[in-house]
Amino acid sequence: MVIHKQCSMVFNIFHFVNNNIMAQKCINYQCKSKFGKKFLSAQQSVCNYYHVPFKPYQKVCSICLEICIKHFNRLGKQMKSQECIFNNEFPARHIYIELSDSDDEETEDNIATSILSEDIHENDLSNYIKTVWYDFIKNPVDLQLQNCKNFINSEKHNINETNNQINSLIKQISIDLSKLHCNLYKFNNCRQFHYEKEVNIIDNNPDKIDTDNDAVVVIKNKTIKPLNLPPKGQPRRCSLRSGDKVYAMKYSMCRPWFEATVESPISKTYFNISFNDDGNKKILNNKNLAYINTSNTQYPIGSRVIAKFQDMNIKLTDNFYVGVIAEKPKYLNNFRYMIFFDVGYTQYVCHEDIRLLCYQSKIISDDVHENVKEFVKAYFNKYPERIMVNFNKKQLVRAELNSKWSLAKVVNTDASLVQLKFFNQENEVHIEWLYRGSNRLGPIYNQLNKNIHDVQPTTSMVNVYKKLNRPYIKLENAAKEKKIIKPNKHKSKKNVIEIISINEFSSKKQTNSGVIETINLPPDRPKPLPYKAHQCSHLCMLWIQYDYSKTKTMNTLSIPLHFGFERTIIQDENLKSSKVVYKTPCGRIIKNEKEMYNYLKTVEYGKNIMTIDFFNFDYFVNPLALYKETEYFNYIDDISFEMESKQISAVNCLNHTSPPPLKYITEREIKPGVNLNLDTKFLCSCDCTDNCENKTKCSCWQLTYECQKKIPINYKDNIIGYNYKRLYETVYTGIYECNAYCKCKKTCLNRVVQEPLSSTLQIFLTEKKGWGVRTLVDIPKGSFVCTYIGAVYKEKEAEIHGMKYGDEYQAELDYIEIVQGIKEGYETDADQLDIESDSKSSSSSEEEEFNPGQVIKSKIPIESKMSLRQNIQNTNKKTDGKHQLSKLNIKQKIGNQKESLRKYFDYSGTYILDAKFSGNVGRYFNHSCDPNIFVQNVFVDSHDLRFPWVAYFALTYIAAGTELTWNYSYTVGSVENKVLVCYCGSEKCSGRLI
Ligand SMILES: C[S@@+](CC[C@H](N)C(=O)[O-])C[C@H]1O[C@@H](n2cnc3c(N)ncnc32)[C@H](O)[C@@H]1O
């Protein structure tokens with residue numbers, strides 16, 4: 001309404017001047033004139049112009065008066081030329097102007113000001129302009145009036161626009177806020193904080209603290225479930241590109257990190273970045289940058305991260321600080337990570353509040369701040385062994401605070417942390433959480449100054465400490481929690497040393513210096529069309545030009561993204577988890593495997609190219625992730641010489657050597673005397689026309705079902721065998737795939753291991769295990785990885801061959817023994833059960849041959865399966881290591897009591913697959929006590945039970961860059977005079993292979 005007032009001011013403009021000169025203040029509050037300038041009486045119109053209520057004797061300086069005159073002159077000109085008079089700049093308002101004064105007379109000025117009241121109406125304005133201006137300029141004022149109205153309308157419109165923008169901003173903020181709320185409260189069911197008042201202090205050193213009865217508020221964390229904790233895996237370190245959002249160190253390592261944007265890379269390691277809050281620019285090393293999003297896999301121990309620090313007792317709150325992961329999430333710590341912050345504090349943090357640094361040195365302590373360098377170094381040198389103080393609530397301990405030793409009382413403990421209440425000389429109270437192995441704790445400090453071997457107090461000493469209610473030091477093993485690896489009586493001294501070395505922090509052994517990149521999709525690739533309601537048919541994908549030759553170098557999961565599909569990760573409505581949806585080339589949204597399968601079926605698989613295993617709905621799987629070694633000594637493009645559908649590269653980051661020569665084969669090599677009959681009469685085949693979707697009608701599926709009925713295993717979700725071409729559990733009785741003589745198509749759901757390799761694998765030299773295999777791409781759980789291929793020998797020949805050249809690549813084709821062993825074990829247990837229940841039934845004690853298709857009566861729940869296998873394993877009396885390569889190998893002379901089914905074959909020995917000189921990538925898989933792939937016997941080209949294919953499947957999701965390992969299941973101590981130390985580095989490592 002300021003604008004309206006200006007109209008009235010012109011009214012008095014021509015009779016304002018009074019030449020009185022007085023040393024006064026100018027009515028314009030923004031006047032820059034100094035005293036001594038010329039001052040004149042301020043008329044009503046001048047007062048109006050400067051938004052000052054008119055009063056007699058007020059003064060205006062000559063400069064401000066001139067400005068005012070100019071303004072009104074301009075208004076006059078605008079009136080004459082019919083320009084809108086509102087389109088002017090007016091002086092800023094500084095105070096509320098009271099426009100009417102009841103005592104004033106009805107002067108012209110007052111008429112004007114009353115018209116200009118705040119709720120002036122449009123009609124009043126018209127009347128005012130008409131009456132006032134008509135006399136002055138004798139011009140029609142209608143046009144001016146219209147101009148003013150237009151001006152006001154456009155201003156109104158602008159204000160409305162701004163209002164709308166503000167409203168939508170507010171809306172967005174409230175949505176974000178409610179999301180934050182949801183995130184906060186989704187822990188509601190599992191994590192509860194409750195405040196507990198501690199009043200009673202039992203004290204064994206009353207001098208200082210007796211009087212301290214003040215209530216201490218402590219937070220107690222109840223057990224939380226591993227909510228939103230992603231699967232384990234290699235941390236993803238994608239290379240940074242211009243425009244990427246990151247967190248960056250702004251000031252120093254001990255201060256919070258802030259959001260920033262990568263402007264341009266300067267080199268591989270240095271980047272120009274600008275901070276998002278103030279636009280400040282900096283050049284930073286990638287060790288001082290962190291990824292903007294939390295990792296899709298768990299952060300391994302030793303990872304350099306930034307994490308949100310929250311502690312009610314310490315000033316740092318909710319900002320990201322840099323630190324190192326010191327403990328992985330597990331039941332005992334409520335599935336949180338323990339982090340040593342560079343700033344000197346230790347805290348538990350949940351996965352979603354942690355971000356990975358874009359790079360870290362191989363030696364963890366190289367990167368951390370001087371504050372904690374020595375401590376971190378010592379911690380990781382010993383890890384997983386740690387010395388920690390065992391505390392009970394209310395105990396007293398000497399601890400360091402601000403470089404002074406003080407007495408502190410235990411307020412609370414939380415897994416590896418203890419909350420202490422310090423009392424200093426001034427009797428001031430300070431409460432802080434400390435790591436129970438911190439050298440700020442008196443017992444630890446004292447211990448470190450003693451001989452390290454005396455760490456573990458004797459049982460009798462512990463009893464004394466307990467009686468005295470004193471804290472005491474305990475040697476703990478983070479990997480085994482309660483178990484401490486103690487050298488086995490039978491081990492030689494050398495072995496003891498080796499066993500200890502396996503306890504070293506595994507990252508020391510990692511030779512992994514690569515990065516995970518996200519591959520770029522070509523911008524001109526076909527993309528989904530905008531969705532229009534339609535019935536899907538083969539036409540939906542007909543327009544996609546599928547170029548098979550281009551797919552060899554692609555990750556299978558990325559193929560659909562190159563050819564018309566889009567894959568997006570979305571948050572589900574309850575914000576509980578992330579989900580994947582695909583958009584098809586015809587614009588349809590697909591939410592799960594079943595829908596995708598139906599779609600592919602309807603569009604006829606885009607000419608039989610993309611099958612359901614090209615798609616994956618796990619949000620943490622990234623079809624575009626690609627692991628790359630950055631520094632190496634030796635690199636070979638393809639050790640398979642193009643025999644595999646994907647290149648199998650070999651890389652050596654440790655020295656210049658290449659893998660020993662190998663004849664790469666993709667089919668078994670049958671050695672003399674091995675009677676592998678691939679005659680069709682041994683094959684059962686199906687005549688399905690529905691891609692073997694109806695499992696009850698497919699004879700091959702039925703074979704798998706019928707065989708497994710012999711062993712009462714409870715399969716998860718009752719799914720036995722393949723589920724949309726993925727396998728989640730071993731089928732001990734084998735899988736029967738559709739074969740060359742089946743009528744079904746190549747895309748059928750029961751053809752998996754006969755398909756070409758779909759993951760890009762690489763062999764690499766490990767530090768202590770020889771060559772191993774890693775995946776360069778993400779592998780979803782249950783995916784087929786590859787088969788184990790080698791030359792097939794008879795047992796005797798294999799033994800001779802093994803003695804001559806080594807038996808480390810020999811795998812026994814022991815399918816018959818496995819099934820027979822499990823079945824017999826099951827029957828023994830069943831007998832036992834029968835005897836125990838005083839039943840006279842003899843059904844399970846009868847000798848029963850293992851015959852695919854024949855069903856035995858099941859009385860035992862499958863939990864007994866483990867003990868059955870264990871029983872069998874206990875009978876292991878092997879004299880060499882060769883047969884134990886196969887996890888499934890439990891070839892014991894069970895036949896002592898029960899005859900082997902092999903007696904029905906012309907040759908009653910077992911066959912051995914030896915990949916020493918000819919084999920495929922499967923021969924390079926190393927052993928791990930915590931493996932990520934498992935073995936499955938599959939019948940493909942022959943139903944002869946002695947010749948299954950040995951296939952590997954992903955036991956878990958496997959992140960790009962991770963080594964693929966399986967459990968050899970060798971029995972430790974089973975081979976006389978032979979010790980093989982296990983270097984798998986897993987926390988579950990038993991220490992020895994053999
Ligand atoms: C089938 S080969 C695996 C490939 C082999 N590393 C190579 O370089 O070709 C089995 C041999 O690898 C080594 N190996 C595999 N896993 C190991 C582990 N966890 N610790 C130590 N050695 C291992 C042992 O020498 C074993 O006899």
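This briefing walks through a sheet, some hairpins, a helix, a ligand site and a few loop residues.

The model is predicted, so local features need pLDDT of at least 70 and side-chain atom pairs count only at pLDDT 80 or more, while totals for chains, interfaces and linings use all residues. Residues are numbered from 1 along each chain as its sequence is written. Helices (H or I, at least four residues) and strands (E, at least two) are DSSP runs, numbered from the N terminus.

**The four-stranded sheet**

- Four strands make an open sheet in the order β16-β17-β18-β19, with antiparallel pairing; two strands count as paired if DSSP finds at least two bridges between them.
- β16 (396-401) and β19 (429-435) are the edge strands, each with a single partner, so one side of each has no neighbour in the sheet.
- On average, neighbouring strands here are turned by 45 degrees against each other, direction ignored. For that angle, axes are lines fitted to C-alpha atoms, for helices over the stretch in contact, and angles run from 0 to 180 degrees between N-to-C directions.
- As a reminder, strands of a sheet pair through backbone hydrogen bonds, either parallel or antiparallel.
- β16 and β17 (residues 404-414) run antiparallel and are joined by six bridges, with arginine 398 opposite leucine 407 in β17.
- These two strands, β16 and β17, form a hairpin with two residues between them, and asparagine 402 in the turn has a positive phi of about 50 degrees.
- Seven bridges hold the antiparallel pair β17 and β18, where asparagine 412 stands opposite glutamine 419 in β18.
- β17 and β18 also form a hairpin with two residues between the strands; in its turn, alanine 415 has a positive phi of about 50 degrees.
- β18 (residues 417-423) is joined to β19 by seven bridges, again antiparallel, and phenylalanine 422 sits opposite histidine 430 in β19.

- β22 (residues 566-571) pairs with β23 (residues 578-583) in the antiparallel sense over six bridges; glutamine 571 stands opposite serine 578 in β23.
- β23 goes on to pair with β24 (residues 589-590), antiparallel over two bridges, and tyrosine 582 has isoleucine 590 in β24 as its bridge partner.
- The hairpin of β23 and β24 has five residues between the strands, and glycine 587 takes a positive phi near 90 degrees there.
- In α14 (residues 593-602), Met596, Tyr599 and Leu600 are buried; buried means 20 or more other C-beta atoms within 10 Å of a residue's own, exposed means 12 or fewer, partly exposed is in between, and C-beta atoms are placed from the backbone.
- Looking down the axis of α14, the buried residues fall within an arc of 95 degrees, so they line one face of the helix. That arc is taken over the directions from the helix axis to the C-beta atoms.
- Just after α14, glutamate 604 takes a positive phi of about 60 degrees.

**Around the ligand**

- The ligand is surrounded by 14 residues, and the closest are Gly770, Trp771, Glu808, Asn926 and His927. A residue counts as near if its C-beta atom, placed from the backbone, lies within 6 Å of the molecule or strand.
- β32 (771-775) and β38 (926-927) each supply at least two residues of this shell.
- The shell splits into seven nonpolar, four polar and three charged residues. Here Ala, Val, Leu, Ile, Met, Phe, Trp, Tyr, Cys and Pro count as nonpolar, Asp, Glu, Lys and Arg as charged, and the others, Gly among them, as polar.

**Loop residues worth a look**

- Most residues other than glycine have a negative phi, and most peptide bonds are trans.
- Histidine 51 has a positive phi of about 60 degrees although it isn't a glycine; histidine 51 lies in the loop between α2 (44-49) and β2 (59-61) and is buried, with 20 other C-beta atoms within 10 Å.
- Tyrosine 57, found in the loop between α2 and β2, has a positive phi near 70 degrees and counts as exposed, with 9 C-beta neighbours inside 10 Å.
- Alanine 740 lies in the loop between β30 (735-736) and β31 (761-765) and is exposed, with 11 other C-beta atoms within 10 Å.
- Alanine 740 and threonine 680 are 60 residues apart in sequence, and their C-alpha atoms are 9.1 Å apart in space.
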